Amino acid sequence: MLKKKIGLLLNAARDEIHHDEYVIIGSLSVLGAHDAPPQGMVTSVDVDLYPKNDPDRAGEVAKKLGFGSAFETAHGIYADAVSPALAALPEGWELRLVRVKFGKATGWFLDPNDAAVSKYVRGEARDKTWLRAGLTCGILSLSIIEERLRITYVATVEEATAARLAMAEDGLK
């Protein structure tokens with residue numbers, strides 16, 4: 001059901017700014033690769049996105065379909081404008097995007113393990129539930145995440161160290 005709502009959102013975004021393709025990052029990106037992830041991975045109601053070929057127009061989408069919009073009221077989800085530079089992502093992440101067609105719009109969803117790298121680097125407490133749910137059900141792989149963390153640009157050594165410590169808490173030695 002949530003994936004269908006994302007399709008409605010992308011088609012509404014297409015109607016607003018006339019772009020057909022959107023990149024979805026963040027928690028709900030897991031829906032590109034998995035139709036029924038565990039509840040702990042799909043609690044968010046904001047769809048972090050940007051137009052694939054014109055990221056600077058993400059704000060226009062959020063203005064029309066974002067928090068507090070009629071779309072959110074009607075469907076229970078909303079567009080949250082992000083930039084491709086927002087998340088700490090491993091090299092080659094663009095090649096691993098998962099393409100999902102929704103009528104006239106296409107979503108390019110971040111690979112779940114790439115999203116996990118970003119969440120470990122960000123290190124926010126709210127991401128732990130998402131990460132642990134994905135690890136428990138086998139959607140995420142700590143060995144893949146660790147490998148990709150090695151090829152991820154992070155702003156500080158402290159961020160990389162904190163990410164590795166959090167991964168160790170989740171079972172990676």
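**Close-up views of a predicted model**

**View 1. Helix H7 and its packing partners.** The buried residues of H7 pack against H5, helix H6 (126-137) and H8, where helices (H or I, at least four residues) and strands (E, at least two) are DSSP runs, numbered from the N terminus. The structure is a predicted model, in which local features need pLDDT of at least 70 and side-chain atom pairs count only at pLDDT 80 or more, whereas totals for chains, interfaces and linings use all residues. Residues are numbered from 1 along each chain as its sequence is written, and side-chain values use heavy atoms, with hydrogens and water left out. In H7 the buried residues are Leu-142, Ile-145, Arg-148 and Leu-149; buried means under 20% relative accessible area, exposed over 50%, and partly exposed in between (1.4 Å probe, protein chains only). These residues cover an arc of only 130 degrees around the axis, which puts them on the same side of H7; the arc is that of the directions from the helix axis to the C-beta atoms.

View 2. H8 (residues 157-169) contains 13 residues and reaches 19 Å from its first C-alpha to its last, close to the 18 Å expected at 1.5 Å a residue, the expected span being 1.5 Å times one less than the number of residues. Ala-160, Ala-163, Ala-166 and Met-167 are the residues of H8 listed as buried. Seen down the axis of H8, its buried residues fall within an arc of 125 degrees, so they line one face of the helix. Val-157, Glu-158, Leu-165 and Glu-169, on the other side of H8, are exposed. The cover over the buried residues of H8 includes helix H5 (112-122) and helix H7 (142-149).

**View 3. Asp-170 and the segment after H8.** Asp-170 is found in the segment that comes after H8, and H8 is also followed by Gly-171, whose phi is positive, near 120 degrees. With a relative accessibility of 18%, Asp-170 counts as buried. The side chains of Asp-170 and Arg-132 are joined by a polar contact of 2.4 Å; a polar contact is a pair of N or O atoms within 3.5 Å, where within protein one must be able to donate a hydrogen and the other to accept it, and residues adjacent in sequence count only if both atoms are side-chain atoms. Leaving aside neighbours within four places in sequence, Asp-170 is in contact (heavy atoms within 4.5 Å) with Tyr-120, Leu-131, Arg-132, Leu-135 and Leu-142.

**View 4. Aromatic pairs.** A search of the whole structure finds two aromatic pairs; rings of Phe, Tyr and Trp (its six-membered ring) pair if their centres lie within 6.5 Å, and planes under 30 degrees apart count as stacked, over 60 as edge-to-face and the rest as tilted. The ring centres of Phe-67 and Tyr-78 are 5.4 Å apart and their planes stand at 70 degrees, so this pair is edge-to-face. The pair links distant parts of the chain, eleven residues apart, with Phe-67 in the loop between helix H3 (58-65) and helix H4 (70-75) and Tyr-78 in strand E3 (residues 78-81). Phe-67 counts as exposed at 68% relative accessibility, whereas Tyr-78 is buried, with a relative accessible area of 14%. Phe-102 and Phe-109 form a tilted aromatic pair, with 6.2 Å centre to centre and 55 degrees between the planes.

**View 5. The surroundings of Phe-109.** Phe-109 lies in strand E5 (residues 105-109) and is buried, with a relative accessible area of 0%. Not counting residues up to four places away in sequence, Phe-109 touches a set of residues including Ile-6, Ile-24, Leu-28, Val-98 and Phe-102. Phe-102, at 12% relative accessibility, also counts as buried.

**View 6. Lysines over tryptophan rings.** Lys-52 lies over the face of Trp-108, at 4.8 Å from the ring centre, and Lys-119 lies over the face of Trp-130, at 5.0 Å from the ring centre. A charge sits over a ring if NZ of Lys or CZ of Arg is within 6 Å of the ring centre and within 35 degrees of the ring normal.

**View 7. Ala-13 and His-18.** Ala-13 is placed in helix H1 and counts as buried at 0% relative accessibility. Apart from neighbours within four places in sequence, Ala-13 is in contact with His-18, Tyr-22, Val-61 and Leu-65. His-18 is in the loop between helix H1 (2-17) and strand E1 (21-25) and is exposed, with a relative accessible area of 66%. The phi of His-18 is near 65 degrees, a positive value in a residue other than glycine.
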